[in-house]
Every structure is written in C-alpha cells, then in structure tokens.
Amino acid sequence: MKAAVMRGIGNIKMEEVPEPELGPNQIKVKIAYCGLCGTDPENLEGRFGLVPPEAYKQPRILGHEASGTIAEIGKDIKGFRVGQRVACNFSGACGACYYCRNKMEHFCQRRLPASGSFAEYAVYPESAIYILPDDVSLEIGALLEPTSVAVHAIDLANIHTGGTVAISGAGPIGLLCLEIALKAGAARAMVSELIAEKRALAKKLGADVVVDPLKEDLLAAGKKLTEGRGFDTVIEASGNLGAAKQAISLADNGGTIVWAAVYPKDSEIPVPPFLMYAKELTIRCVWISPYSFPRALNLLSKLELKPLITDIVPLKDIPKAFELHKKGKSIKILIQP
C-alpha cells in the first residue's frame with residue numbers, strides 16, 4: 001500500500017509499504033481522509049514532547065484523525081461489517097488498568113494503538129471505531145477526533161447558560177470550542193486570532209467580537225463585551241505562551257481557564273498566585289478526549305464543519321500539506337490517499 005513515511009526529523013514522503021497486519025481484535029479501515037493535526041508538524045520537526053528522541057531513528061507513519069470504510073474485520077469481533085463508513089480514534093483503552101477503572105481512560109497504562117493513518121489502510125482496536133451516520137460525509141467524519149477534543153475542553157470549561165467565553169486561537173480546536181460553547185449555552189463570545197480570514201470565519205460561526213491581538217487591546221475588548229467584568233470561561237487554543245498567561249487577566253472572578261493547546265515541553269508560564277487567589281480562578285488542561293467520542297459523533301451533523309476544511313491534499317503531495325500548515329492560513333487540512 002501507499003503511505004506517508006517519516007524517516008527522521010523533517011523527512012516525510014509517500015512510499016510503498018506492506019499493509020498492516022490484522023489481529024483478531026482489530027479492524028482494518030480503507031482510509032478516505034486523514035486530518036493534519038497540529039501535533040503532526042511538531043512530530044515531523046522533532047518538537048513534540050511526548051515522543052522520545054530514539055523514536056526518530058525508526059520509520060513511522062503519522063496521522064490519526066481518520067475516516068474511511070471497513071475493509072476487513074478480525075475474527076474475534078462482532079457487530080461490524082465490511083463496507084461500513086466509520087471514523088476512528090487513534091487508540092483504544094484497555095479497560096483494566098488503574099486509570100481505566102478509575103474514570104480516567106485517557107491515562108490508560110496499556111493503550112491499544114492504531115497504525116498510522118497517512119496511508120491507504122490502517123488497523124484499529126475495536127473500541128476505536130465509530131460508525132458514521134448516513135447524514136455525515138467521510139470528509140466531515142475525519143473531524144471526529146478534533147471534535148472530541150473540543151467536547152472534552154467544553155466539559156472542563158464550566159460553560160453555563162447565558163455565560164461568557166473568550167477563545168484565543170481560531171484554528172480547528174478554537175473554532176470547534178466556539179461552536180460547542182455556544183451550543184452549551186454561552187451567550188457572548190470573543191475570539192482572538194492573528195489571521196484575518198480566521199477571524200472572519202469565527203465571526204460567521206457566532207463570535208460576537210473578534211480581535212487581532214497584535215493590533216487591538218484584547219483586554220479592553222473583553223471588558224467592553226462583559227460590562228467590565230471579564231469572562232466566565234477563557235479557552236486558550238493557540239499554543240502561544242503569552243496567550244496562556246493572558247487568559248488569567250481575561251477571566252472574571254470565579255472564572256475557569258482551559259489551556260486546550262500543546263505547549264513546548266520545557267516551557268514555563270509565570271502565574272500570578274495573588275491574582276489567582278484574589279479572583280478564585282481555576283486552570284484546567286486538555287489531554288486528549290476521554291468519553292467524548294460518542295457525543296462528538298452526535299454533534300457532527302449539528303455543527304458548521306465544512307467551512308473548517310480549507311484544503312484537501314493527495315497523499316503523494318504530503319510535504320505540501322505540511323508547508324500549507326506552516327503558512328498559517330489553512331484551518332483543517334485533509335490528506336486523501
């Protein structure tokens with residue numbers, strides 16, 4: 001089969017490789033689309049803190065935001081059939097370790113991995129497969145995993161009916177958080193974003209105010225929208241360390257801050273403890289998306305997701321997808337085998 005193989009830092013291209021072998025408790029999927037996640041360029045550039053240096057010595061197939069059709073089913077699996085349209089998680093939880101038994105499956109100590117999805121075929125554990133409804137296309141299905149991350153972020157965000165929310169970053173996660181926060185009851189929303197096209201889309205998707213943080217006073221805009229108080233919830237989805245710190249100033253008394261981005265492994269953010277104390281703030285962080293996929297699946301046909309897909313790149317042109325991401329104007333780039 002054809003797959004995008006990473007061979008060392010900065011080196012990725014399409015190659016012919018063997019199809020992944022199917023285990024008795026696995027499902028093989030013919031990939032239709034796989035989204036380029038923000039962690040994929042970090043992986044390619046050797047910056048992703050969860051990947052040990054020795055991993056870059058081995059060839060790897062990246063990609064984990066996939067949709068497709070079931071091509072083959074392991075002998076021990078019931079309830080699925082060849083040809084079903086599906087979307088996929090990038091791993092499954094074992095269900096038996098301490099964290100799985102303690103309502104924290106995202107910290108599973110014996111995760112059941114999937115093979116990389118920048119490929120014609122990938123194999124998944126049964127628990128990672130979700131059948132797509134008839135009214136959800138395969139393109140939209142490829143957004144299931146990032147939508148699940150946004151669902152988890154909103155779970156942590158203490159959104160309440162009639163509340164206010166500020167979001168920094170109008171990439172896929174920021175825009176998904178905006179849409180889901182509004183559905184969860186937020187009545188006023190501000191989005192901070194450097195790129196004009198992304199600000200325009202945030203406005204179209206329901207933001208009351210959009211701000212260029214380099215040219216406008218973000219704190220003043222936030223105060224104006226909230227009658228001088230600040231926001232009940234602040235979600236940082238840009239990955240910018242300055243924005244993560246500024247979230248503390250944007251929050252109202254008793255507010256909740258959610259850092260919903262990936263930051264450099266060795267970075268530090270100075271947090272003003274007196275301000276945290278005086279305002280009784282809470283900071284939460286997002287680490288993948290436990291127990292979120294079924295609800296995210298229900299939302300796929302209820303959200304405006306098509307405008308988020310800005311580029312579809314053939315697998316053979318995989319380096320182009322990473323170049324587009326680096327330019328910053330694309331929102332969600334899909335790879336098509």
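Trainee: What volume does the largest cavity have?

Mentor: The volume, meaning the space filled by probe spheres set on grid points joined across faces, edges and corners, is about 30 Å³ for the largest cavity. This is a predicted model, in which local features need pLDDT of at least 70 and side-chain atom pairs count only at pLDDT 80 or more, while totals for chains, interfaces and linings use all residues. Residues are numbered from 1 along each chain as its sequence is written, and side-chain values use heavy atoms, with hydrogens and water left out.

Trainee: What makes a space a cavity, and what makes one a pocket?

Mentor: On a 1 Å grid over the protein atoms alone, a cavity is a set of points where a 1.4 Å probe fits but cannot get out, whereas a pocket is an open set with protein on both sides within 12 Å along at least five of seven lines; lining residues have an atom within 4 Å of a point. By this rule there is one cavity of 30 Å³ or more.

Trainee: Which residues line the largest cavity, and of what class are they?

Mentor: The lining consists of A166, I167, S168, M190, V191, S192, L218, V234, I235 and L250. Two or more lining residues come from each of β11 (164-168), β12 (188-192) and β14 (231-236), strands being DSSP runs of E with at least two residues, numbered from the N terminus. Eight of the lining residues are nonpolar, two are polar and none is charged, where Ala, Val, Leu, Ile, Met, Phe, Trp, Tyr, Cys and Pro count as nonpolar, Asp, Glu, Lys and Arg as charged, and the others, Gly among them, as polar.

Trainee: What is known of the second largest pocket?

Mentor: The second largest pocket holds about 240 Å³ of space, and among its 19 lining residues N89, S91, E105, R111 and Y130 lie nearest its centre. Its lining divides into nine nonpolar, seven polar and three charged residues.

Trainee: Why is the pair E72 and K28 called a salt bridge?

Mentor: A salt bridge requires a side-chain nitrogen of Lys or Arg within 4 Å of a carboxyl oxygen of Asp or Glu. The closest N and O atoms of E72 and K28 are 3.8 Å apart, so the pair meets the rule. E72 lies in strand β5 (residues 65-73) and K28 in strand β3 (residues 26-35), so the pair ties together parts that are 44 residues apart in sequence. K28 and E72 are also linked with E19 in a network of salt bridges, and the count for the model is 14 salt bridges.

Trainee: Why does D252 have no salt bridge?

Mentor: D252, which is in strand β15 (residues 251-259), is buried, and the nearest side chain of opposite charge, R229, is 4.2 Å away; Lys and Arg count as positive and Asp and Glu as negative, with His and the chain ends not counted.

How values were computed
Helices (H or I, at least four residues) and strands (E, at least two) are DSSP runs, numbered from the N terminus. Buried means under 20% relative accessible area, exposed over 50%, partly exposed in between (1.4 Å probe, protein chains only).
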